[in-house]
Amino acid sequence: MRYSRMFIPTVKEVPADAEIISHRLMIRAGLMRKLASGTYTYLPLGWRSLLKVISIVREEMNKAGAQEILMPAVQPIELWQKTGRSVDYGETMARFTDRHNRVNVLAPTAEEVVTSIAANEINSYKQLPLNIYQISFKFRDEFRPRFGVLRSREFIMKDSYSFHPDNESLDETYRIMYDTYCRIFTRCGLEYVTVEAESGEMGGSGSHQFTVPCESGEDTIIYTEDGSYAANLEKAAVDPLPKEKADAKIPPIQEVHTPNIGSIEAVCAFLKTKPRDMIKTLIYAAGDDIVAAVVRGDHDLNPEKFTQVLGGRAAELADEPAIEKVTGAKVGFAGPMGIADKVSKIIIDHAVAAMAVGVTGANKTDYHVRNVVPGRDFPLKGENIIVADIRNAVEGDTHNGKKLLFRRGIEVGQVFKLGTKYSKKLAAKFLDENGSEKPCVMGCYGIGINRIIASAIEISHDKDGIIWPITIAPFEVLVTSVNQDDKQVAQVAENIYTQLLDKGIDVLLDDRALRGGVKFKDADLIGIPVRVTVGKKAVAEGKVEIKLRRESQSQKVPIEQATSKTIDLVNSLKEQLIP
């Protein structure tokens, strides 16, 4: 391909809404353009890179025995209502009513559709296991799209789904997919870690997340220094804190007037105390049940852990009337005392149970209480009382006695053991060897195609632009004709370009009639891994310059060796990414 004929609209300006480097560089290097909030048009360079990622994903999925299909992006809401996920996804799910007054959704994922296919087509154990996948656009109506394609509304996803007769078969395919993902991310040039993860609204019994460590990532990776444990923030389990000892005998609880002061920060300022000495009581609705979560003032409730303790039931903060009914007070003054018989469950975090004394809401509008002792002033045991780990891990926490460390990261893929959550609700059944009817056991495996591109840029760039891994670069080689108006220079560049094309190298020839400095700036910005520079002075010496984008120094080679030397460099870079 010739640069003069390609649409590569590079720009110098950094977009005002671009918060992270991958977003900035994808705009500046002409990979994409914003259409609306969270939606982007991929231009030729960006689409070429995406197609290379897709090709790697497709090759590895096919090699693993998965079969490619394509499912509709528009899906009837009835399917989602059968599984209950029309509620779980909430406003993130985009819905519209068609001309026949039928409600449809824009697919955020495809568990419901693929399970309905299985329900209609699978009837015997002889058809199992089955692993099918698609690579397609998804849509999620994110409240606040940000970070370019890392949190966009429309995105490209590889999602695959496996169906099995039993858990042993699922475990085997799960391991195959896990290994397949490792090969995919290695081939794409990503440095990644795998961590235990929660299944979230996907459901199921187990999950692993593939994360690229990166400071701009939205995910938090939590791990022990010896590598014996790693999980994401939603999953990371922490050891119970040791029971605190009181310095002296603690007096009875003392009610304190705190007019119009309901937040943790405001109460701490008013009472001259610290968030870690506060006890925070949150009232949730889980279906028709009202439940309470009790955490320390400086800790955040972990929704995934909380959901797991509730047996997988989704919960959301209760409305004001429900809170007032339980506590007898306005929002902001809830406490754990005396509410056990007013809620279905009270779930108390380990850290609260370990407190010697604390401050909490008085269950009375405009009042808090001091000298609250867990176990004395509110129970830690009871028929509907559970003490469990329901908070986010924080600095200083341990797991199995080992200190937990924290890093930021970008999630690029996740694998799930779904079990029978979807197959039971959508009647995906089969007859086993004995003629007994059983639900299919399912697995699910997703990869964010766009996120791979953004992650590669986040971890591989410099002040001048992108440094692509060769396997997903828009082109493998850039031949730059510095003096395009010089016939000899132009001819040498043309010959090298043609020879590389004939050898199957993906090459771009910069044949534009521009100054060398402009071409070099663009070359560094778009980040093609190998650059062959053809200039008047070097050609007069019978040589050209070859430079790797990731290195600062170039080397001069004889013109007649330029093609073979370039091919050697390309092959060497590819070999470094072979799993």
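## The largest cavity

By residue class, the lining of the largest cavity comprises four nonpolar, no polar and four charged residues. The structure is a predicted model, and the cavity holds about 60 Å³ of space. Its lining consists of Leu478, Ala523, Asp524, Ile528, Arg531, Lys547, Leu548 and Arg549. At least two of the lining residues come from helix H14 (516–526), and at least two from strand S31 (543–548). In total, the model contains three cavities of 30 Å³ or more.

## The second largest pocket

The lining of the second largest pocket includes 13 nonpolar residues, together with five polar and three charged ones.

## A β-α-β unit

Strand S28 (residues 477–481), helix H13 (residues 487–502) and strand S29 form a right-handed β-α-β unit. The pairing of S28 with S29 is parallel and extends over four bridges. Within this pair, Val477 stands opposite Val507 of S29.

Which residues of S29 (residues 507–510) point the same way as each other? Val507 and Leu509 point one way, whereas Leu508 and Asp510 point the other way. All four of these residues are buried, Asp510 among them.

## An exposed loop residue

Lys381 is located in the loop between strand S19 (367–372) and strand S20 (385–388). Is this residue buried or exposed? Lys381 has a relative accessible area of 75%; the threshold for an exposed residue is over 50%, so Lys381 is classed as exposed.

Lys381 and Ile346 are separated by 35 residues in sequence, and their C-alpha atoms are 9.8 Å apart in space.

## The chain as a whole

The chain has 579 residues, and buried residues account for 53% of them. Its secondary structure comprises 16 helices and 32 strands. Taken along the principal axes, the C-alpha atoms fill a box of roughly 95 × 65 × 50 Å.

Technical notes
Residues are numbered from 1 along each chain as its sequence is written. This is a predicted model: local features need pLDDT of at least 70, side-chain atom pairs count only at pLDDT 80 or more; totals for chains, interfaces and linings use all residues. Side-chain values use heavy atoms; hydrogens and water are left out. Buried means under 20% relative accessible area, exposed over 50%, partly exposed in between (1.4 Å probe, protein chains only). Two strands pair if DSSP finds at least two bridges between them. A crossover is right-handed if, with the strands pointing away from the viewer, the path from the first strand over the helix to the second runs clockwise. Ala, Val, Leu, Ile, Met, Phe, Trp, Tyr, Cys and Pro count as nonpolar, Asp, Glu, Lys and Arg as charged, and the others, Gly among them, as polar. On a 1 Å grid over the protein atoms alone, a cavity is a set of points where a 1.4 Å probe fits but cannot get out, and a pocket is an open set with protein on both sides within 12 Å along at least five of seven lines; lining residues have an atom within 4 Å of a point. Grid points are joined across faces, edges and corners, and a volume is the space filled by probe spheres set on the points.
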